[in-house]
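Here is a short briefing to read alongside the model. It starts with charged pairs and then moves on to the core, the surface and the first helix.

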Amino acid sequence: MIILFSFSLGLTATRFKKRQIDYIDSLIYIGEKILLMLGSTSPETEEIMKELENDERLNNFDLSLSSSSSPLPPKENERSRLLLNTVGKYELSAQINYINQYLGYFKMLRQQYQDYYNSHYKLYLVFGLFSGVFVSVLLI
């Protein structure tokens, strides 16, 4: 029982790291979609937000970008909120430049998270398993 519990803790840690990567993928998708809309039709802010709300790929994504629903640290949460808060507030070329910076940052961040996940997810699982075995042996 202890072994299963500790292994599930390791599994939970790996799922959290995977959730961070998926969340960043959604942020990148939002940025690319906004960039595409601004570059093609120059819609109003309300139209952009309505289009994002109706997007099937973002059904389970909280567009308010609240910290409680985000698995990211506060620094990344603030940067993602800035993206949606600046849409429609600046001239088109400034918005496009900002979104390109945003996309570059989050693509780099996604790669860092992916590299960390690839190199550490097995360690979380093994550490969870062996810590459970260790505690079980101590208790026996």
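Asp 25 and Arg 110 meet through their side chains in a salt bridge, at 2.4 Å from N to O; the term stands for a side-chain nitrogen of Lys or Arg within 4 Å of a carboxyl oxygen of Asp or Glu. Asp 25 belongs to helix H1 and Arg 110 to helix H4, so this pair ties together parts that are 85 residues apart in sequence. Helices here are DSSP runs (H or I, at least four residues), numbered from the N terminus.

You are looking at a predicted model, in which local features need pLDDT of at least 70, side-chain atom pairs count only at pLDDT 80 or more, and totals for chains, interfaces and linings use all residues. Residues are numbered from 1 along each chain as its sequence is written, and side-chain values use heavy atoms, with hydrogens and water left out.

**Salt bridges**

- The structure holds five salt bridges.
- Asp 25 is partly exposed at 23% relative accessible area, and Arg 110 is partly exposed as well, at 22%. On this scale, buried means under 20% relative accessible area, exposed over 50%, and partly exposed in between (1.4 Å probe, protein chains only).
- Lys 107 pairs with Glu 32, their closest N and O atoms being 3.2 Å apart. With Lys 107 in helix H4 and Glu 32 in helix H1, the pair ties together parts that are 75 residues apart in sequence.
- Lys 107 counts as partly exposed at 42% relative accessibility, and Glu 32 is partly exposed at 36%.
- Arg 81 forms a salt bridge with Glu 78, with 3.3 Å between the closest N and O atoms. These two are three residues apart in helix H3, so about one helical turn separates them.

**Nonpolar core**

- The largest nonpolar core has 28 residues, and those touching the most other members are Leu 27, Ile 30, Ile 34, Leu 52, Phe 61 and Phe 106. Such a core is a set of buried Ala, Val, Leu, Ile, Met, Phe, Trp, Tyr and Cys residues joined through side-chain atoms within 4.5 Å.
- Helices H1 (2-40), H2 (45-54), H3 (74-86) and H4 (92-139) each supply at least two residues of this core, and the largest share, 10 residues, comes from H1.
- What does Ile 34 touch, leaving aside residues up to four places away in sequence? Its partners are Ile 48, Leu 52, Leu 83, Leu 84, Val 87 and Ile 99, where contact means heavy atoms within 4.5 Å.

**Nonpolar surface patch**

- Ile 3, Phe 7, Val 126, Leu 129, Phe 130, Val 133 and Val 137 form a nonpolar patch on the surface, with about 550 Å² of accessible area together. Patch members have over 30% relative accessible area and no salt bridge, and nonpolar side chains (Val, Leu, Ile, Met, Phe, Trp, Tyr) are joined within 5 Å; areas come from the Shrake-Rupley method with a 1.4 Å probe.
- H4 gives the most to the patch, with five residues.
- Phe 7, found in helix H1, is partly exposed at 32% relative accessible area.

**Helix H1 and its ends**

- H1 has 39 residues and reaches 57 Å from its first C-alpha to its last, close to the 57 Å expected (1.5 Å times one less than its number of residues).
- Met 1 lies in the segment before H1 and is exposed, at 83% relative accessible area.
- Ser 42 follows H1 and has a positive phi, near 50°.

Definitions and conventions:
Patches are made of residues with over 30% relative accessible area and no salt bridge: like charges are joined within 9 Å, nonpolar side chains (Val, Leu, Ile, Met, Phe, Trp, Tyr) within 5 Å.
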